[in-house]
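Work through these exercises with the sequence and the model side by side. Try each task before reading its solution.

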Amino acid sequence: MMMDMRAPAPMQGGKHGGKRILVAGGAGFIGSHLCARLLREGHEVICLDSLRTGSLRNIAALSNHPGFTLVRHDVIVPYEARDIDQIYNLACPASPVHYQIDPVHTLRSCVEGAIRLLDLAQRTGARILQASTSEVYGDPHVHPQREDYWGNVNPVGPRSCYDEGKRCAETLFLDYGRQNGLSIKIARIFNTYGPHMAVGDGRVVSNLIVQALGGQPLTLYGDGRQTRAFCYVDDLVEGLVRLMNSPAPVTGPVNLGNPQEISMLTLARHVLREVGKDEAPPIQFRELPVDDPTQRCPDIALARSTLGWQPRIDLETGLRRTVAYFRQLGLERIDAPVQ
Ligand code: NAD
Ligand code: UDP
């Protein structure tokens with residue numbers, strides 16, 4: 001792996017006619033899987049990441065690949081590069097715990113980061129994809145959520161830095177498309193899980209697995225009856241790649257998620273079964289965070305019809321792989337603190 005503060009020079013023609021692709025946020029949970037996938041397809045990948053929530057461990061397996069370069073860089077600062085064919089913008093903390101630590105920087109990452117990368121796309125002629133979120137629907141009154149629902153977002157609450165930042169980024173993407181003729185794509189990603197989630201990430205799947213492996217009480221916020229629908233990371237990456245390479249008129253926003261909706265109580269039961277503890281750790285109920293959505297589930301009809309995409313990996317299989325990942329980190333030996 002090259003680690004450079006400057007833009008690397010382009011390789012001489014990627015294998016298999018590969019493209020030169022910039023992945024902002026490529027050292028994060030989803031980004032690291034996306035980088036691996038793009039390298040496997042013969043593309044050259046520039047991973048632009050501040051390492052704020054991502055980690056070198058996530059991209060360690062890519063480090064010797066000649067087509068992979070890590071550039072440590074914050075997307076709120078302009079970045080110069082040549083000959084970029086595609087840009088995926090995933091650079092933003094995604095866990096509520098993390099994006100609320102420095103809400104101003106979260107908002108700046110969403111808004112200024114989008115502007116910097118859109119400007120880069122304009123200078124290079126690259127196509128650009130935004131990793132948006134189901135959080136743009138807020139605490140939804142329409143269920144399941146379709147792309148034409150405008151959402152129910154609190155603009156002044158503790159989640160607003162993320163929700164409104166992502167909403168503004170969507171507007172910027174569409175306006176750069178309409179006004180400046182950029183080729184843009186917007187994916188609205190619903191809850192995604194899998195290997196490379198950080199141990200201290202704070203999101204529910206990693207929290208419950210880490211707690212169950214460590215024999216700690218499982219933390220459920222509120223009464224645990226709120227719902228989410230969890231998509232395994234490989235399915236999500238497949239959706240992102242399909243959207244990026246879809247015909248130009250398909251801009252999105254397009255929902256990408258798994259429509260299998262479950263309560264957090266049911267998720268806890270699934271996790272305990274996959275971890276296979278003889279004696280189930282107790283459940284510790286905690287206060288529900290402010291503005292925590294009560295229900296969430298994607299309508300993926302648009303992704304099915306325009307991208308021919310739907311998730312393939314069921315929750316049981318995905319959780320088994322995710323538990324195996326956390327197990328090999330040796331969590332049963334360390335008393336990992338999880339909030
Ligand atoms: P993550 O926190 O693991 O990854 C985000 C990556 O972006 C990290 O590597 C981090 O260091 C980097 N980053 C953050 N701010 C940056 C900045 N200002 N400049 C450069 N790099 C920066 O999160 P993730 O789960 O992999 O999410 C990736 C993207 O997908 C995010 O944009 C997130 O909003 C979106 N998303 C994720 C989910 C999910 O369930 N995982 C759901 C909806 C949307
Ligand atoms: N949650 C929980 N226990 C945890 C972490 C989260 O019950 O240890 C809940 C959280 O309140 C929310 C749901 O699980 O209702 C999903 O939370 P997560 O942070 O994973 O994603 P969100 O959908 O809120 O962005």
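Which elements each supply at least two residues of the shell around ligand 2? α6 (204-213) and β9 (218-221) do. Helices (H or I, at least four residues) and strands (E, at least two) are DSSP runs, numbered from the N terminus.

This is a predicted model, where local features need pLDDT of at least 70, side-chain atom pairs count only at pLDDT 80 or more, and totals for chains, interfaces and linings use all residues. Residues are numbered from 1 along each chain as its sequence is written, while chains are lettered from A and ligands numbered from 1 in the order in which they are written.

**Exercise 1. Complete the description of the shell around ligand 2.**

Step 1. Count the shell: 14 residues surround ligand 2. A residue is near a molecule if its C-beta atom, placed from the backbone, lies within 6 Å of it.
Step 2. Pick out the closest: Arg203, Val204, Asn207, Thr219 and Tyr221.
Step 3. Find the top contributor. β9 gives the most, with 3 residues.
Step 4. Sort by class. The shell has 6 nonpolar, 5 polar and 3 charged residues. Ala, Val, Leu, Ile, Met, Phe, Trp, Tyr, Cys and Pro count as nonpolar, Asp, Glu, Lys and Arg as charged, and the others, Gly among them, as polar.

**Exercise 2. Describe how α4 packs against α5.**

Step 1. Take the geometry. The axes of α4 and α5 (residues 160-180) come within 8 Å and cross at roughly 15 degrees. Axes are lines fitted to C-alpha atoms, for helices over the stretch in contact, and angles run from 0 to 180 degrees between N-to-C directions.
Step 2. Name the arrangement. The angle therefore makes α4 roughly parallel to α5. Angles under 35 degrees count as roughly parallel, over 145 as roughly antiparallel, 65 to 115 as roughly perpendicular and the rest as oblique.
Step 3. Class the contact residues: 14 are nonpolar, 4 polar and 1 charged. Two residues are in contact if their C-beta atoms, placed from the backbone, lie within 7 Å.

**Exercise 3. Repeat for α6 and α8.**

Step 1. α6 and α8 (residues 264-275) pack at about 45 degrees, with axes 10 Å apart. So α6 is oblique to α8.
Step 2. List the partners. Val204, Leu208, Ile209, Ala212 and Leu213 of α6 meet Met264, Leu267, Ala268, Val271, Leu272 and Val275 of α8.
Step 3. Class them. This contact of α6 with α8 has 11 nonpolar residues, no polar and no charged.
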